[in-house]
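Try each task before you read its solution.

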Amino acid sequence: MDKLVYFDNAATTRIYSEVLKEMLPFFSVMYGNPSGIYEFSDKAKAAVEISKERISRLINAFPEEIYFTSGGTESDNWALKSIAFMKRNRGRHIITSKIEHPAVLNTCRYLSNIGYKVSYLDVDKYGMIDLNQLVEMIRRDTILISIMYANNEVGTVEPIERIGKIARLNGIVFHTDAVQAFGQIPIDVKKMNIDLLSASAHKLHGPKGCGCLYVNKDIGLPPIIHGGSQQNKMRAGTLNVPGIAGMGKAAQIAANNMDINIKKKIKMRDYIISEIRKEISDSILNGHETERLPGNINFSFKNVEGEALVILLDSMGICVSSASACSAGLKTPSHVLTAMGKNNEEAYESLRITLSSENTRAEIMYLLNCVKSAVENIRKMSY
Ligand code: PLP
């Protein structure tokens, strides 16, 4: 192939041209500060409101429940630290899972260093949490349950609606890191009893450095960024209007094309999975067979180090990853795969292929040929 073949859409996505078009005027034409009271600011102000509306429609929230942040990491930090702070007199126990993104895990580590108790749910070999264990973990001082909507490495979709029900019955705030699910699969924060939800624009063909936190208006949340009175004093700082307009447009496009994109991606995903299983010996699919993101494929190839495979595929013009982008380059086995029961050696052997609805049949055929020959070559070299 004479062009780059991109299969790493869980790491980030190409910005849609409609999204870029929506953003551009806010850099150089309608560049007013949305907090301004003169007419020139009105367009920027309106863009923020339109974006909130589009995002809220995608998850069945109210527009006033959407707060813009710098991305998924900030949203996760805000949710966890602020609930911990707000509820510290009621209790200091938090429940999360072993397979969360570092944005949640490292925030939990920080909170445990300052006196909070954090319990980590196990997952089964498919990356699924156990609801019975969740119920058993709940204590009188449990103030927060934070479980990701879908895992960024293996794509397993967690039983969010049932977690929400358990949290609500026990009067516990429920946060979900939905960075990988937002715009990819249906989310209904009201039906699922989700109190706080983190999302990021760059995972759905929007801009990097822009995200949001949905905050159920019945719970309220103290700010962690203090300053001016932007966003009802909940998250101070001049709003990133181009980013916000882009995120709203990306959310609108995702909502309008959700059904068709899910079907398209599942068809591509299942074809790739079946071809790899057929064509490459000793290949094991990581993650859940059915409860998985439409665009996620994650395989382990016996005796093939994931990183070596990624580098070889890169030399063929293909972008894929061996674990999440945030842990790439770190010589530690995937914490997700080890939590799923893989030993350290197996946890180094993963290859993550993540799709966008824009991937073509020609790209898939090229990918399959290259993965097969790269796996064979690495195996030959290690004998
Ligand atoms: N949470 C999950 C599940 C993610 O996959 C990511 C990014 O990969 C993040 C949080 C962090 O999001 P951001 O890159 O917007 O900070």
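**Exercise 1. Find the glycine just after α7 and give its phi, then work out how α7 sits in the fold.**

Step 1. Helices (H or I, at least four residues) and strands (E, at least two) are DSSP runs, numbered from the N terminus. This is a predicted model, where local features need pLDDT of at least 70, side-chain atom pairs count only at pLDDT 80 or more, and totals for chains, interfaces and linings use all residues. Residues are numbered from 1 along each chain as its sequence is written, and side-chain values use heavy atoms, leaving out hydrogens and water.

Step 2. In α7 (residues 160–169), the buried residues are Ile160, Ile163, Gly164, Ile166 and Ala167. Because they cover an arc of only 165 degrees around the axis, they lie on the same side of α7. Buried means under 20% relative accessible area and exposed over 50%, with partly exposed in between (1.4 Å probe, protein chains only).

Step 3. The buried residues of α7 pack against α6 (131–137), β5 (142–146) and β6 (173–177), where contact means heavy atoms within 4.5 Å.

**Exercise 2. Which polar side-chain atoms lie 2.6 Å from the ligand?**

Step 1. Asp177 places one 2.6 Å from a ligand nitrogen atom.

Step 2. Ser200 has one 2.6 Å from an oxygen atom of the ligand.

Terms used: The arc is that of the directions from the helix axis to the C-beta atoms. A polar contact is a pair of N or O atoms within 3.5 Å; within protein, one must be able to donate a hydrogen and the other to accept it, and residues adjacent in sequence count only if both atoms are side-chain atoms.
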